Amino acid sequence: MKAYSLLYLAIGAMSFTSCTKDFQKINTNNNSPASTRPEYHFTEAITQTAYAYQENAFDRRPAALGRYITLVRNNDYETFRWTAVDWNDIYQRAMIIKTMQDEATTTAQPVYVAAGNILMAFNISYLTDLYGDVPYSQALQSVSTGNIKPAYDKQQDIYMNLLKLLKDANEQLRTAGTGIDASADALYGGKALQWRKLANSLRLRLLLRCSKVYPNAFTEMQEILNNSDQYPIFTANTDNAEVIYQGVKKDDSWPGGAKNMIDADFAKTKVSKELVDALMTRNDPRLAVWVAPVASTTGSTVDHNQYVGVPHALANPADYNGGETHQSVLSSFFRQDKAAGLKASLMIYPEVCFILAEAAQTGKVTVPSKTAASLYHDGIEASMDYYGVKAQAASLAYYDSPLVRYDGTQKQLIIQKWLAMLFRGSEGWFDFRRTGFPEFVAGPMAFQPQFPVRYCWPTSEPNVNNDSYRAATAVFGADDINTKMWYLK
């Protein structure tokens with residue numbers, strides 16, 4: 001490639017000496033403008049964020065660490081034999097958002113700056129939730145300042161900045177929220193109020209996440225809850241922040257569909273024993289929606305039930321219970337390109353219910369007209385409604401069953417939240433590492449007894465950004481999957 005580039009440069013130099021007439025005109029591509037309008041990048045920022053977040057949740061580390069799936073082949077995720085994970089995709093999305101905001105400033109459309117801050121906060125919060133300390137304040141400056149070796153920011157500083165970013169975005173949209181192009185807004189169709197609800201609901205997520213170490217966390221949550229006009233939040237599934245799947249090509253198709261996952265990969269993705277057992281012991285109507293029955297119960301060696309989950313980190317997981325015909329895979333509900341009942345989710349209403357239920361359970365937050373018990377019930381019911389089994393749950397007296405009836409414990413609440421958050425980002429794993437619930441076990445062949453708490457920084461960092469990398473390890477600690485980040489200490 002370098003040889004060709006030098007050749008083209010040489011030819012270009014000769015061309016300049018022989019002919020310059022109409023050079024600007026003939027070398028202008030009208031189909032590739034030097035600048036674009038922010039709404040074009042708005043669509044791209046939304047869809048890329050949503051699709052990438054959902055794909056990450058369905059068949060990668062978060063799905064295994066959240067104990068939703070068990071891979072019976074190539075199962076390094078379950079055995080914790082992790083290598084470093086690249087973060088370029090998140091920074092690329094952040095750069096799209098920054099470009100959109102720069103364009104919005106140039107064209108005097110501040111509404112896209114505000115909405116962009118919500119998308120930026122979402123992406124960067126996910127980044128720091130995965131890695132801990134990361135480049136932030138000096139990131140995305142390679143073009144504007146030439147800085148290609150950004151320093152790492154402390155997670156605490158990043159969180160404080162993101163919380164302010166979300167709060168300010170809500171206020172900006174409250175006072176000047178008009179002008180979002182509905183056709184460009186793949187998330188909310190141009191409705192500023194919905195973007196405000198996402199900003200404030202996301203603030204609740206982050207505040208609960210860091211509440212152990214941030215003294216003002218519950219105070220700020222209470223401020224949101226005390227003024228629903230100024231700080232609206234999700235109140236129904238209609239508020240969910242989700243993008244539909246078009247099912248036309250790989251990039252806009254559900255990650256479990258045929259365009260993204262070949263038959264062999266889908267077959268090797270078994271449902272985890274933790275998930276199946278939790279659903280079966282509660283007679284949960286979501287079981288039949290999510291899980292396929294085994295091909296045959298004849299010949300089963302351990303579990304003779306119709307639904308059989310596979311434990312994690314076994315020596316020969318494909319042989320469990322007599323072989324793969326006696327193990328459950330995910331149902332056909334997940335085997336679609338354009339999934340009618342599934343969307344790429346950033347945040348959903350059931351999560352907000354459980355966040356508030358947990359906060360209320362601490363006694364440090366009160367929710368108008370609600371209790372921890374009623375919020376817990378709302379979260380379960382909203383999840384049942386999402387999957388079309390609300391009436392079935394009621395007919396089964398699900399809410400009054402012994403394991404479901406509210407008992408006031410964090411354990412029970414987090415288990416139900418874990419079920420409701422199936423394939424929603426890394427939330428199952430993040431809640432487990434924060435609370436210890438559900439009480440997952442590592443498995444007999446796990447590389448270590450404890451669950452990883454973070455991704456290691458990319459292997460390229462010591463090579464391309466060594467000074468910043470070394471400074472970061474001096475502050476954060478070893479670049480290891482077991483090094484706890486700020487809000488977990």
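Modeller: The model is a predicted one, and its protein contains 20 helices and six strands. Among the contacts with a separation of 6 or more, 73% are between residues 24 or more positions apart.

Turning to the rings themselves, a pair is described by the distance of the centres and the angle of the planes. With centres within 6.5 Å as the requirement, the count is 41 aromatic pairs. One of them joins F42 and Y112: the ring centres are 5.2 Å apart and the planes stand at 75 degrees, so the pair is edge-to-face, for which the angle must be over 60 degrees. F42 belongs to helix α3 (residues 38–59) and Y112 to helix α7 (residues 110–131), and the pair thus links distant parts of the chain, 70 residues apart. F42 and Y112 are both buried.

A further edge-to-face pair is formed by W82 and W429, with 5.8 Å from centre to centre and 85 degrees between the planes. W82 sits in the loop between α5 (76–79) and α6 (88–106), whereas W429 is in helix α18 (residues 427–435), so this pair ties together parts that are 347 residues apart in sequence. The relative accessibility of W82 is 12%, so W82 counts as buried, the limit being under 20%. W429 has 0% relative accessibility and therefore also counts as buried.

How values were computed
Residues are numbered from 1 along each chain as its sequence is written. This is a predicted model: local features need pLDDT of at least 70, side-chain atom pairs count only at pLDDT 80 or more; totals for chains, interfaces and linings use all residues. Side-chain values use heavy atoms; hydrogens and water are left out. Helices (H or I, at least four residues) and strands (E, at least two) are DSSP runs, numbered from the N terminus. Contact means heavy atoms within 4.5 Å. Rings of Phe, Tyr and Trp (its six-membered ring) pair if their centres lie within 6.5 Å; planes under 30 degrees apart count as stacked, over 60 as edge-to-face and the rest as tilted. Buried means under 20% relative accessible area, exposed over 50%, partly exposed in between (1.4 Å probe, protein chains only).
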